[in-house]
Amino acid sequence: MKRILSGIKPTGELTLGNYIGAIKRFVELQQSMPEDEFYLFIADLHAITVPQDTTELRRRTRDIAAMYIAAGLDPERTVLFIQSEVKEHAELGYLLQCYTHMGELERMTQYKDKIKKGESNLTSALFTYPALMAADILIYDADYVPVGDDQKQHVELTRDIATRFNNRYRDFFRVPEPIIPKVGARIMDLQDPSKKMSKSDDNSKGYIALLDDLQVIKKKIKSAVTDSLGIVQYDPDNQPGIANLLSIYSVLSEKSIDDIVLDYASKGYADFKNDLAELVAEKIGELQKKYNEVIQSGTLDSILDKGKETASRVAYRKVEKCKQIIGLGRKR
Ligand code: AQP
């Protein structure tokens, strides 16, 4: 039996990028792997590496859990929990910092991007966040970690940290594999297709939030930045805007990009965008309906309580053993 784990930060309203790159993928994996175990957590400890509004943080934490269930996650087959409710994540995060090199953290793209943008007052937790992410994964002996393209580097660091620890002491941490989708691994910003769609972006026109009004969603798709070539074809270098919209179309319609390109061979961008706007609004509309049902069902807390209990039991054992191996405390 394999264990699959994923996490998501409550740093903003969930976007279509999160849905395509993470949520939909996780649910499909669960459906295609009926014998395997699924762990999913809301990474609120990661969220506070940058300032968060207290009330919003709490609301989004619940929202994300509800959205996964709305997207088809089976709560009976998932250990669904909130990261900060399992204390061992922070504990192992610290321990793993002791096996992580400064140079490795300095090479992380997300950190480098923030430095490049000239952001000031970055927290030390933002810098050490990949060690906490390694803890999130290694604490449960996860075999596979489905992530979008942007998180691949963090899973690779996790593998390095696990291997370093295992070589130094003994074979203790399972070395995980990332699973990256072939299409939709990086959905780009609708207004600036050179950067990825992000939920904490300041310009809300660049992303589609899963709880956006459906008319607003259609408008955002129709006003997405494209180019002046006027040919619907997949050329990410020269037509990044259209390539991004084609990826979205392909994932949501479950048609190949080649087939979609053929369908629009004699049509212009307006037709393509109108159809895509309808498709996205239809899919997100269904999701919103289910999301409201989950919220109204009042079952979320008991699911999260159960998840916390199971995750805590597994995490406690792993961290106690880890401390013993390192030589911490009195137990041999
Ligand atoms: N644009 C995207 N395309 C495909 N996948 C994406 N993911 C995020 N954005 C895209 C995937 O969603 C999962 C959860 O991500 P996260 O919330 O833990 O962190 P993130 O990758 O930093 O997501 P955001 O939306 O960009 O958040 P902020 O703005 O707070 O940094 C991951 O599997 C990620 O790959």
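The model is predicted, so local features need pLDDT of at least 70 and side-chain atom pairs count only at pLDDT 80 or more, while totals for chains, interfaces and linings use all residues. Residues are numbered from 1 along each chain as its sequence is written, and side-chain values use heavy atoms, with hydrogens and water left out.

**Exercise 1.** Determine the area buried between the domains and its main contributors in domain 1.

*Solution.* Buried area is the accessible area (1.4 Å probe) that two parts lose on being put together, summed over both. Between domain 1 and domain 2 this comes to about 1,300 Å², with carbon and sulfur atoms giving 79%. On the side of domain 1, Leu16, Met67 and Ala70 lose the most area to domain 2, and together they account for 43% of what that side buries.

**Exercise 2.** Identify the salt bridge between Lys24 and its partner, and give the distance.

*Solution.* The criterion is a side-chain nitrogen of Lys or Arg within 4 Å of a carboxyl oxygen of Asp or Glu. Lys24 meets this criterion with Glu254, where the closest N and O atoms are 3.7 Å apart. The count between domain 1 and domain 2 is 1 salt bridge.
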